[in-house]
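I opened the notebook to look up aromatic rings, charges over rings, and pockets. The entries follow in that order.

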Amino acid sequence: MKISSRLLRYKTPVDQTSAFLNSFRFQIEYFTCWPQQDHKTLKNLVSTYIKLILQISGVSEVDSLDSHFTLESGDCVLVPPYAVYSARTHEQVCSYELFFNVYPITREQEFLHQLGFTSTLHIPGLIIPTDSVLLGDCYEAAQMHREGCYAQLGALLELLLVRMIRSRQTQISASGVSPRVQSIVERLFAYLDEHLNEDVRVEDVCGALSVSQTFLYRCCRSVMDCSPSQVITRYKLSHARTLLRNPDLSIGEVAAAIGYNPYYFSSQFKKSFLLSPSAYRKELSKG
């Protein structure tokens with residue numbers, strides 16, 4: 001629709017941060033609430049998702065690598081994928097957790113690096129009282145199976161991201177990844193999607209994409225910050241975590257669905273998430 005010349009002087013340009021965030025799709029995979037979780041200790045937690053811990057009340061502590069954070073009411077912790085951390089709660093703790101993915105997945109590392117989200121971060125005072133009310137309403141709506149709660153959470157997530165960027169005074173710069181390299185990794189994921197239940201090897205991928213192993217390695221390092229074999233494993237295990245939520249599927253059936261034998265699946269799953277598939281399923285049932 002053409003804008004009237006009379007209105008053009010009122011038009012404001014899109015800022016760089018908004019343009020950057022608008023180029024992604026954020027999908028909240030799940031949302032949890034931990035009310036009255038006093039004096040709890042959780043060790044060696046890890047996720048394939050980006051995770052936000054939103055502290056509503058009380059005091060808790062988070063340890064990740066060499067960093068130690070004390071969370072009070074209104075604080076937020078962002079945990080990037082595959083970061084291992086531990087948490088302890090004190091008295092009168094209530095917190096919410098948002099687990100989300102960034103799409104396209106081939107730009108996840110660009111998103112994390114540009115915004116400085118490559119390590120666990122503590123952002124004090126990020127949550128305001130109206131956020132707490134909205135989180136409570138959304139959680140109640142989710143428990144009651146009312147429509148629209150995840151759409152509300154998505155809007156809140158983007159607002160929280162903007163606040164993080166502003167509080168940390170992050171500057172967005174142009175991506176250094178070439179279109180060809182980006183395209184190769186996109187084709188890699190398309191191949192993995194088509195051959196999810198097969199034993200995919202790096203040489204198979206190289207043959208299908210008509211690239212050398214050295215070039216594919218450089219592409220994966222540039223875009224995903226890991227090797228091709230790690231991309232394959234993480235992609236398969238991410239799907240496995242979703243399948244494990246279905247109690248009708250056995251561990252063997254989940255393994256077969258991603259092209260692994262049960263023993264190899266269990267060993268790779270535990271190596272990545274510090275829990276066996278059956279232990280992970282038990283943790284899900286507790287939630």
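These entries record what I looked up in this model, which is predicted.

**Entry 1: aromatic pairs**

I searched the whole structure for aromatic pairs and found 18. I took Phe 31 and Tyr 139 as one of them; their rings are edge-to-face, with 5.7 Å from centre to centre and 80° between the planes. I then looked up where the two residues sit.

**Entry 2: a second pair**

I looked up Phe 189 and Tyr 235. Their ring centres are 5.5 Å apart and their planes meet at 65°, which is over 60, so I noted the pair as edge-to-face. Phe 189 belongs to helix α6 (residues 179-194) and Tyr 235 to helix α9 (residues 228-243), so this pair ties together parts 46 residues apart in sequence. Both Phe 189 and Tyr 235 are buried.

**Entry 3: a cluster, and charges over rings**

Which residues do ring pairs link into a cluster? I wrote down Phe 20, Phe 24, Phe 26, Phe 100, Phe 111 and Phe 117.

I also checked for charged ends over rings. Lys 236 has its charged end over the ring of Tyr 260, 5.5 Å from the ring centre. The charged end of Arg 245 sits over the ring of Tyr 30, at 4.4 Å from its centre.

**Entry 4: the largest pocket**

I noted a volume of about 1300 Å³ for the largest pocket. Its lining has 43 residues, and those nearest the centre are Trp 34, Leu 42, Glu 97, Phe 99 and Glu 283. Elements that give two or more residues to this lining include β1, β8 (94-103), α4 and α12 (277-286). I sorted the lining by class and got 22 nonpolar, 11 polar and 10 charged residues.

**Entry 5: the second largest pocket**

The second largest pocket holds about 810 Å³ of space. I listed 34 lining residues, with Thr 48, Pro 81, Tyr 82, Ile 105 and Glu 108 nearest the centre. Which element gives the largest share of the lining of this second largest pocket? Helix α9 does, with 6 residues. By class, I recorded 17 nonpolar, 12 polar and 5 charged residues in the lining of the second largest pocket.

Terms used. Residues are numbered from 1 along each chain as its sequence is written. This is a predicted model: local features need pLDDT of at least 70, side-chain atom pairs count only at pLDDT 80 or more; totals for chains, interfaces and linings use all residues. Side-chain values use heavy atoms; hydrogens and water are left out. Rings of Phe, Tyr and Trp (its six-membered ring) pair if their centres lie within 6.5 Å; planes under 30 degrees apart count as stacked, over 60 as edge-to-face and the rest as tilted. Helices (H or I, at least four residues) and strands (E, at least two) are DSSP runs, numbered from the N terminus. Buried means under 20% relative accessible area, exposed over 50%, partly exposed in between (1.4 Å probe, protein chains only). A charge sits over a ring if NZ of Lys or CZ of Arg is within 6 Å of the ring centre and within 35 degrees of the ring normal. On a 1 Å grid over the protein atoms alone, a cavity is a set of points where a 1.4 Å probe fits but cannot get out, and a pocket is an open set with protein on both sides within 12 Å along at least five of seven lines; lining residues have an atom within 4 Å of a point. Grid points are joined across faces, edges and corners, and a volume is the space filled by probe spheres set on the points. Ala, Val, Leu, Ile, Met, Phe, Trp, Tyr, Cys and Pro count as nonpolar, Asp, Glu, Lys and Arg as charged, and the others, Gly among them, as polar.
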